[in-house]
Amino acid sequence: MIMDSPLARARPEFNPYVDNGGTVIAISGKDFCLLGGDTRISQDYNILSRTTSKITQLTRTAAIATSGMLADIVKFHKLILARIKNYEYKMHKEPSLEALSFLVSKELYMKRFMPYYTFNLVGGLDSEGRGAVFSYDAVGSFDRVTYSSMGSGSQLVIPVLDNQLKGHNHIAEEPCESFARATDLLKDVMNSCAERDIYTGDQLELLVVTAEGSKSEFTPLRAD
């Protein structure tokens with residue numbers, strides 16, 4: 001039969017997902033949170049964009065950074081922003097970071113049978129003014145952490161953050177007290193990642209979240 005031929009068996013199956021690469025990082029401190037992401041979008045060995053943001057500000061003191069499939073990233077960020085607008089209309093206030101963490105988890109879990117191909121970090125200031133990072137898998141399981149990384153370069157980033165922020169063989173997680181140290185560390189580790197990961201590069205977008213609000217800055221990364 002035709003269906004049993006080697007040609008038919010070798011035909012690739014339909015796959016709705018594509019990984020567009022890139023790396024995102026989040027580091028929290030006593031009264032601040034940093035979210036960083038590169039601006040490169042790739043497919044296989046092709047660079048599709050050098051200026052695409054992976055970070056979206058959700059409220060005055062909260063933001064989301066996402067790696068994965070660009071189409072799903074854009075759709076998911078728009079969905080979360082729409083849910084926040086609806087919350088603000090009903091409650092006449094912005095949702096807290098804790099409320100946003102559960103909202104993101106719920107929206108991901110609702111799509112668990114055909115998940116968004118997104119790997120998310122939600123960061124900002126909690127209801128007590130402390131920096132916080134929430135790390136997610138594709139179907140909504142999440143945990144509050146001091147720092148995290150997602151994307152194609154995360155395996156290069158996490159060991160360095162473990163060493164610099166957690167300490168070798170230390171069990172207790174301590175927040176990074178120094179804003180300057182955390183900022184320099186995030187920039188250094190992203191530059192190092194861009195040297196080895198071909199899907200990370202071009203620019204680093206750094207979003208700084210404090211009690212005064214949020215601000216973004218851009219730093220050049222390796223562009224080849």
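Predicted model: local features only at pLDDT ≥ 70, side-chain atom pairs only at ≥ 80, totals over all residues.
Residues are numbered from 1 along each chain as its sequence is written, and side-chain values use heavy atoms, with hydrogens and water left out.

Let me begin with the interior. By a nonpolar core I mean a set of buried Ala, Val, Leu, Ile, Met, Phe, Trp, Tyr and Cys residues joined through side-chain atoms within 4.5 Å, where buried stands for under 20% relative accessible area, exposed for over 50%, and partly exposed for what lies in between, using a 1.4 Å probe and protein chains only. The largest such core has 19 residues, and those touching the most other members are Ile-25, Ile-27, Leu-34, Val-157, Leu-161, Leu-165 and Leu-186. The elements that give two or more residues to this core are E1, helix H4 (154-166), H5 and E11, the helices (H or I, at least four residues) and strands (E, at least two) being DSSP runs numbered from the N terminus. H5 gives the most, with 7 residues. There is also a second, separate core of 17 residues, which includes Ile-64, Val-104, Ala-132 and Phe-134.

Leaving aside its neighbours within four places in sequence, Leu-161 is in contact with Ile-25, Ile-27, Tyr-147, Ser-148, Lys-166, Leu-185 and Val-189, contact meaning heavy atoms within 4.5 Å.

That brings me to H4 itself. Which residues of H4 are buried? They are Ser-154, Val-157, Leu-161 and Leu-165. Seen down the axis of H4, these buried residues fall within an arc of 60°, so they line one face of the helix; the arc is that of the directions from the helix axis to the C-beta atoms. What covers them includes E1, strand E10 (147-151) and H5.

Staying with E1 for a moment, Thr-23 lies in that strand, which spans residues 23-28. Thr-23 is buried, with a relative accessible area of 0%, and its side chain makes a polar contact of 2.7 Å with the side chain of Thr-200. A polar contact here is a pair of N or O atoms within 3.5 Å; within protein, one must be able to donate a hydrogen and the other to accept it, and residues adjacent in sequence count only if both atoms are side-chain atoms.

On the cysteines, the structure holds 0 disulfides, a disulfide being a pair of cysteine sulfur atoms within 2.5 Å. Cys-193 is in no disulfide, and the nearest cysteine sulfur, that of Cys-33, is 19 Å away. Cys-193 counts as buried at 1% relative accessibility, and Cys-33 is buried with a relative accessible area of 0%.

Next, the salt bridges, each defined as a side-chain nitrogen of Lys or Arg within 4 Å of a carboxyl oxygen of Asp or Glu. By this rule the count comes to 11. One of them joins Asp-202 and Arg-40, with the closest N and O atoms 2.8 Å apart. Asp-202 lies in the loop between H5 and E11 and Arg-40 in the loop between strand E2 (33-38) and E3, so the pair ties together parts that are 162 residues apart in sequence. Both Asp-202 and Arg-40 are buried.

Glu-128 and Arg-130 meet at 3.2 Å, N to O; Glu-128 is exposed at 60%, whereas Arg-130 is partly exposed at 41%. These two belong to a network of salt bridges that links Asp-126, Glu-128, Arg-130 and Arg-144. Arg-222 and Asp-224 form a salt bridge at 2.5 Å, N to O, with Arg-222 partly exposed at 35% and Asp-224 exposed at 61%.

Finally, the backbone. Asp-202 returns here, with a phi near 75°, a positive value in a residue other than glycine, and its relative accessibility is 8%. Asp-44 likewise has a positive phi, of about 55°, although it is not a glycine. Asp-44 is found in the loop between strand E3 (41-43) and strand E4 (46-49), and at 54% relative accessibility it counts as exposed.
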